[in-house]
Amino acid sequence: LSEAEWEYVARAGTTTPFHTGATISTSQANFNGNKTYNGSSKGKKRDRTVPVGSFGANQFGLHDVHGNVLEWVQDCWNANYKGAPVDGTSVWTTGDCSNRVLRGGSWNNEPWILRSAIRAWGRSVNRFNFDGFRVARTLP
């Protein structure tokens with residue numbers, strides 16, 4: 001996915017920090033439940049990934065867009081959106097392409113990092129058990 005596509009599917013028509021609303025719990029996503037966000041309660045800290053689909057789907061029917069693993073997107077890293085594609089689907093192929101954008105937060109992250117708008121970056125040659133990707137296809 002492009003970064004814009006990822007955020008679109010993560011938000012699933014919402015304007016809140018998570019597709020679940022203003023808060024998120026460890027019954028809705030896999031993250032470091034020892035930490036809280038926006039008045040949420042503490043929950044489980046699983047310290048590992050869990051099988052895809054362990055939590056309910058968002059409004060678009062997609063599972064695990066928040067938590068479990070940070071998701072690589074195709075875009076090169078840029079510190080801000082100045083000069084970003086504006087069509088909602090194109091990949092940003094300029095900037096620091098040795099680093100790529102990661103979205104969604106992981107099992108090891110605090111809940112604020114799972115927010116739909118949060119952007120992270122990583123070296124595209126690195127591999128960790130808290131990074132992954134979402135397989136998608138273009139519809140005709």
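**Pockets and a cavity**

The lining of the largest pocket holds 6 nonpolar, 1 polar and 3 charged residues. Here Ala, Val, Leu, Ile, Met, Phe, Trp, Tyr, Cys and Pro count as nonpolar, Asp, Glu, Lys and Arg as charged, and the others, Gly among them, as polar. This is a predicted model: local features need pLDDT of at least 70, side-chain atom pairs count only at pLDDT 80 or more, and totals for chains, interfaces and linings use all residues. Residues are numbered from 1 along each chain as its sequence is written, and side-chain values use heavy atoms, with hydrogens and water left out.

Rolling a probe the size of a water molecule over the atoms shows where empty space is left. The search uses a 1 Å grid over the protein atoms alone. A pocket is an open set of points with protein on both sides within 12 Å along at least five of seven lines. A cavity is a set of points where a 1.4 Å probe fits but cannot get out. Lining residues have an atom within 4 Å of a point. Points are joined across faces, edges and corners, and a volume is the space filled by probe spheres set on them.

The largest pocket contains about 260 Å³ of space. Its lining includes Leu1, Glu5, Leu62 and Arg134.

The second largest pocket contains about 200 Å³.

The whole structure has 1 cavity of 30 Å³ or more. About 50 Å³ lies inside the largest cavity. Leu62, His63 and Asp64 are among its lining residues. By class, 4 are nonpolar, 6 polar and 1 charged.
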